[in-house]
Amino acid sequence: MKASLIESAEVIDVKKLTGSIFLLIANSPQIAEIITPGQFCNIKVNDNNSPLLRRPFSICDVDGSNVYFMFDLHGEGTKILSQKKTGDKISILGPLGNGFSLDENIDKFILVGGGLGIAPFPYLIKKMNFKIKHDIYLGARNIDFITDYGLSNLHISSDDGSIGFKGTVIELLEKNISSFKNSKVKFIGCGPIPMLKALKIFCNKYNFDCDISTESAMACGFGICQGCPIEKAKPDGNYLLVCKDGPVFNINEIQL
Ligand SMILES: Cc1cc2nc3c(=O)[nH]c(=O)nc-3n(C[C@H](O)[C@H](O)[C@H](O)COP(=O)(O)OP(=O)(O)OC[C@H]3O[C@@H](n4cnc5c(N)ncnc54)[C@H](O)[C@@H]3O)c2cc1C
Ligand code: FES
């Protein structure tokens with residue numbers, strides 16, 4: 001894996017996609033050249049030290065020398081990012097983490113996202129480059145938390161039925177199981193813990209292999225501060241670090 005670097009990136013645009021979901025595009029040629037799907041960057045949202053810590057975001061897309069991040073409004077950091085203007089500078093540290101493995105001898109990837117969990121998928125499917133088939137299952141509370149930015153072959157569910165299938169994304173997978181049960185499929189999941197837990201039960205029930213992208217509070221982003229431990233599925237007294245060993249893990253490797 002190539003080394004990380006810090007790049008002062010110029011903001012090209014910040015767009016509101018839907019509800020509280022934004023897309024930030026920044027010119028970051030060196031990071032754009034080496035980052036791979038599933039890796040993330042730590043963004044310093046301000047010139048001053050408020051907030052002090054960088055904020056981690058998955059790489060959503062890369063287009064030439066531009067990097068794309070999709071984010072939801074949470075607190076101070078994401079509010080500041082949403083207010084950036086064209087020409088502003090942000091400091092980006094990346095690429096960080098391990099990223100998704102695409103070297104698989106399979107018929108199809110099935111990508112499962114809960115809400116903003118789809119953020120890393122546009123770049124992932126771009127890198128599949130039509131050589132590997134994929135389906136995307138996206139579930140959210142309601143239509144306000146759904147964006148189809150950069151996505152294709154999309155199956156949508158919402159808890160309240162305001163868009164797509166009414167129910168959870170795992171219930172939608174169960175409904176469609178006959179369409180992929182007998183193929184060699186691999187799952188990739190990203191989203192809130194309850195969704196990942198349900199995905200784990202589903203994949204283990206049908207014996208599907210599955211990798212997931214995880215989240216944790218973070219400080220350094222590269223394995224120094226020990227601030228992002230995640231428990232192993234088979235505890236041996238040691239923890240894995242989300243930023244260095246992940247954020248992508250096999251779903252049966254870690255404790256959810
Ligand atoms: C590897 C990784 C990749 C990520 N990729 C994305 C992404 O592509 N898009 C995106 O929108 N977010 C992503 N996140 C989450 C993102 O880092 C947080 O939403 C962000 O740091 C919040 O910053 P803030 O200053 O706005 O909120 P803060 O003031 O830091 O927090 C506000 C509220 O959000 C909660 N919160 C903070 N971080 C998280 C988190 N990681 N998960 C759930 N709740 C959290 C806090 O507990 C608090 O209640 C990622 C996190 C990690 C670790
Ligand atoms: S954030 Fe510092 S070790 Fe992971």
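In helix H5 (residues 193–206), Met 195, Leu 196, Ala 198, Leu 199, Lys 200, Phe 202 and Cys 203 are buried, where buried denotes 20 or more other C-beta atoms within 10 Å of a residue's own, exposed 12 or fewer, and partly exposed the range in between, with C-beta atoms placed from the backbone. The model is predicted: local features require pLDDT of at least 70 and side-chain atom pairs count only at pLDDT 80 or more, whereas totals for chains, interfaces and linings use all residues. Residues are numbered from 1 along each chain as its sequence is written, and chains are lettered from A and ligands numbered from 1 in the order in which they are written. Helices (H or I, at least four residues) and strands (E, at least two) are DSSP runs numbered from the N terminus.

The buried residues of H5 pack against S8, S9, helix H4 (169–175), S12 and S13, contact being taken as C-beta atoms, placed from the backbone, within 7 Å. H5 lies across strand S8 (108–114), strand S9 (133–140), S12 and S13, and runs at about 165° to S12 (axes are lines fitted to C-alpha atoms, for helices over the stretch in contact; angles run from 0 to 180 degrees between N-to-C directions).

An open sheet of seven strands has mixed pairing and the order S11-S10-S9-S8-S12-S13-S16; strands pair if DSSP finds at least two bridges between them. Strand S11 (165–166) and strand S16 (248–250) are at the edges with a single partner strand each, so one side of each has no neighbour in the sheet. Strands S12 (residues 185–190) and S13 (residues 209–213) run parallel and are joined by five bridges; Lys 186 has Asp 209 of S13 as its bridge partner.

Asn 207, in the loop between H5 and S13, has a positive phi near 65° and is exposed, with 6 other C-beta atoms within 10 Å. A cis peptide bond, with omega about 10°, joins Gly 246 and Pro 247, the latter in the loop between strand S15 (239–241) and S16.

Of the 21 residues around ligand 1, Phe 71, Gly 75, Gly 77, Thr 78 and Ala 119 come nearest (near: C-beta atom, placed from the backbone, within 6 Å). Strand S4 (55–58), strand S6 (66–72) and helix H2 (76–82) each give two or more residues to this shell, and S4 gives the most, four.

Key
Contact = placed C-beta atoms within 7 Å.
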